[in-house]
Every structure is written in C-alpha cells, then in structure tokens.
Amino acid sequence: MQGKKFTVYPSLDLQKPQIPKRLLLYPLEPIGIGTFYCESLTSYLNRLAAKHCVSLRAFVIAIFQMFEKQKICLFPCNFSLKTLNGLTSNAQKTIQVIESLTSLAFKSC
C-alpha cells in the first residue's frame, strides 16, 4: 500500500432538497390574456380537461365531488356551464376554484 495515492472526493450534500408545492391540476396558461382574443372560461376548462385526458363532463363532476367532500357548496342546483361565460357569481366562483387548483392568477381579459 505504500506509494499509492488515494483520491479524495467531494462530500455529498445530505440536506433535503426544497420540493415545490404539488398542484392538483396542471397549470395551463389561458390563451390571449390581455388581448381581444382572450378565450372563454368554458374553452379554458375544456383545454384543461383535455390536458388531463378526461372529458369536460368528467372533469367538472370530479371538481364538484372534490369540493362536496370538503362540504363546500360551489354552485346552486340549477348550475349550467353556459353561465360560466360571463360576469355571474358562478363564473367568479369557478375562476377562484381553478386558480386555487392550478396556482395561476387569472387576469381579466
């Protein structure tokens, strides 16, 4: 063993890495924010459902069921997807829910 040189390697960093907060939904950017070509909320939900490989109906039902388990009432019984493309309280609630699930902050068109 005499005359043999040993190689000294740098030590390993054993600290836990910072793991970002996990999101429930893919953070898909809306198209055309701030322009005249801003997409509607139902169009955004449809693209988001497609990104998750489910139908829009299954996507919306899953969101409803998730919030029902937490005893949060999202919409009235007469809810319709048509009411989401406007300035109704349903549209505002949906935007707030989607913002919380994707961690994106939506700006008005």
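Threonine 102 is buried, with a relative accessible area of 0% (buried means under 20% relative accessible area, exposed over 50% and partly exposed in between, with a 1.4 Å probe and protein chains only). Keep in mind that this is a predicted model, where local features need pLDDT of at least 70, side-chain atom pairs count only at pLDDT 80 or more, and totals for chains, interfaces and linings use all residues. Residues are numbered from 1 along each chain as its sequence is written, and side-chain values use heavy atoms, with hydrogens and water left out.

Threonine 102 sits in helix α3 (residues 89-102); helices here are DSSP runs of H or I with at least four residues, strands are runs of E with at least two, and both are numbered from the N terminus. The side chain of threonine 102 reaches back to the backbone oxygen of isoleucine 98 at 2.8 Å. Setting aside neighbours within four places in sequence, threonine 102 is in contact with Leu23, Leu25, Tyr26, Pro27, Tyr44 and Leu48, contact meaning heavy atoms within 4.5 Å.

Tyr44 also turns up next to glutamate 39: leaving out neighbours within four places in sequence, that glutamate touches Pro30, Ile31, Tyr44 and Arg47. Glutamate 39 belongs to the segment before α1 (41-51). The side chain of glutamate 39 makes a polar contact with the side chain of serine 43 (2.8 Å). A polar contact is a pair of N or O atoms within 3.5 Å; within protein, one must be able to donate a hydrogen and the other to accept it, and residues adjacent in sequence count only if both atoms are side-chain atoms.

| Residue | Relative accessibility | Class |
|---|---|---|
| Glutamate 39 | 15% | buried |
| Threonine 102 | 0% | buried |
| Cysteine 53 | 71% | exposed |

Cysteine 53 lies in the loop between α1 and α2. Its phi is near 60°, a positive value in a residue other than glycine.

Now for α1 itself. Its buried residues are Leu41, Tyr44, Leu45, Leu48 and Ala49. Seen down the helix axis, they fall within an arc of 135°, so they line one face of α1; the arc is that of the directions from the axis to the C-beta atoms.

The largest nonpolar core has 15 residues, and Leu48, Phe59, Ile63 and Ile98 have the most contacts inside it. Such a core is a set of buried Ala, Val, Leu, Ile, Met, Phe, Trp, Tyr and Cys residues joined through side-chain atoms within 4.5 Å. Two or more residues each come from α1, α2 (56-69) and α3, with α1 giving the largest share, five residues.
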